[in-house]
Amino acid sequence: MNISLAQARRMAVRAQGLDGGWELPSGAEGAAQVVERLGYVQIDTIAVVERAHHHTLWARQPDYTPALLDNLQARERRVFEYWAHAAAYVPMRDYRFYLRKMRSYAEREQVWLGEHREVVEGVLGRIRAEGALGAADFEAPEGWVRRGWWSWKPAKQALERLFAAGELMVSERRAFQRRYDLRERVLPPWVDVSLPDEDEQARYAARQALQAYGVVIPKTIRPAFVSAPALAGAMRELAESGEAVAVEIEGLGSGYYAHPRALASADAPLPKPATAAILSPFDNAVIWRKRVEQLFGFKYSIECYTPQEKRRYGYFTLPVLWGECFMGRLDAKAERKTGVLIVRQLHLEPEAAVGEDFYSALAARLRAFAAFNGCGQITLDNAEDGAAQAALARALENS
């Protein structure tokens, strides 16, 4: 089946919940549904604006606050932490699909855990007796010297290795620091812990990808718990059974698969006036950079790990989506003590067709984003050109 590039983009935006079309309950239930629809939400430590996991949820749930995710993890147990393609909050209902990954880590860590049995038993013994503990609750041995970011004290290494192996789970976070507890004290009794076979696991990953992305080509995403070849095979099986549709996208070729529900609404235009979305660099919609470049023509990367003199766009640029087009990126910083959101740079794509309606939408979203970051004011430091800065400034005055 052939579809246009515009149709594919609409399908992708809708599937990610960035068109404003998701009808979510308020509060923690709404946040839980976002995580379940997306499949996972990546955790990141950078906090120049609200951290990535909170930002990703807020982009889809207007009433979201960070306390909701904390509640889902620590009390309701609707999400748990584990490794997707990176550290992530994952729906608790999906726990069984991570068991193979845990077993793989357990096998890999056998040697270290055996060689450091005294440390491991000491860590587990204290957690059994005292309840959930963080790395800060364990002292480094006398004479130990940290020699780099990943040079952890032995107890911290034990915590992380036991976590990866599935023996410990993160019970909650306090001041963003993990608190580890025994699996049996965190895992709810309703969770299915049966080990899926490889075919079931691959089909589940394929269904999740179709739900989350609308239209996918398997080689441009890296699932958390299945290999790319297995995912491609499962996609073919779903296409044969009618759960997926093989499509060819105008200008991009074949190899894509679409969710039938997404395909059914491909001709329907996105809501007007189009809303602007300011996304985290680790948002599910943009984390697969090659996919975003192919589908949207938007070449994006973050430059926080790039030496300052080599940065083109800024330290932590946030993609700006308007309707079905990525219009550019802005580099922002939340000065929480003064309550000011600073837009340090604004860069628009050369081909971006911008006008008053775009700047009005961006200004409205910036106001909401500032409030989400605890800021009541917005300042503009710079823009790619004076006209863009002046236009945004005017829109902010009128918003």
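Predicted model: local features only at pLDDT ≥ 70, side-chain atom pairs only at ≥ 80, totals over all residues.
The face of helix α14 that is turned away from its buried side carries the exposed residues G386, A387, R394, E397 and N398. The buried residues of α14 are A388, A391, L392, A395 and L396. They cover an arc of only 135° around the axis, so they lie on the same side of α14. These buried residues pack against β13 (340–348), α13 (356–372) and β14 (377–380). As for length, α14 runs over residues 386–398, and at 1.5 Å a residue its 13 residues should span 18 Å; the end C-alpha atoms are 18 Å apart, which agrees.

At the start of α9, a side-chain oxygen of D197 comes to within 3.1 Å of the backbone nitrogen of D199. After the helix comes G214, with a positive phi near 80°. The buried residues of α9 are Q201, A202, Y204, A205, A206, Q208, A209, L210, A212 and Y213.

One of these buried residues, Y204, leads on to the aromatic side chains. Y204 belongs to one aromatic cluster together with F80, Y82, Y95, F97, Y98, Y105, F163, Y180 and F225. A pair of aromatic rings is described by the distance of the centres and the angle of the planes. With pairing defined by ring centres within 6.5 Å, the count comes to 20 aromatic pairs. The rings of Y315 and F316 have centres 6.5 Å apart and planes at 40°, so this pair is tilted. The two residues can also be described by accessibility: Y315 counts as partly exposed because its relative accessibility is 29%, whereas F316, at 3%, counts as buried.

Arginines also lie over aromatic rings. R37 lies over the face of W22, at 4.6 Å from the ring centre. R51 lies over the face of F176, where the distance to the ring centre is 3.9 Å.

F176 has a further feature in its backbone: its phi is positive, about 70°, although F176 is not a glycine. The residue is in the loop between β5 and β6. A175 lies in the loop between β5 (168–174) and β6 (177–182), and A175 likewise has a positive phi, of about 50°, without being a glycine. A175 counts as exposed because its relative accessibility is 75%, over the 50% limit.

The peptide bond from K272 to P273 is cis, with omega near -5°.

The last stop is G30, in helix α2 (residues 27–38). G30 counts as buried because its relative accessibility is 0%. Leaving aside residues up to four places away in sequence, G30 touches L24, P25 and Q61. G30 and P62 are 32 residues apart in sequence, and their C-alpha atoms are 9.9 Å apart in space.

Note on methods: Residues numbered from 1 in each chain as written. Heavy atoms only, no water. Buried < 20%, exposed > 50% of the residue type's maximum accessible area, 1.4 Å probe, protein only. Helix = DSSP H or I, 4+ residues; strand = E, 2+ residues; numbered from the N terminus. Polar contact = N/O pair within 3.5 Å; in protein donor to acceptor, adjacent residues only side chain to side chain. Phe/Tyr/Trp six-rings, centres within 6.5 Å; stacked < 30°, edge-to-face > 60°. Lys NZ or Arg CZ within 6 Å of the ring centre and 35° of its normal. Contact = heavy atoms within 4.5 Å. Expected span 1.5 Å × (residues − 1). Arc of directions from axis to C-beta.
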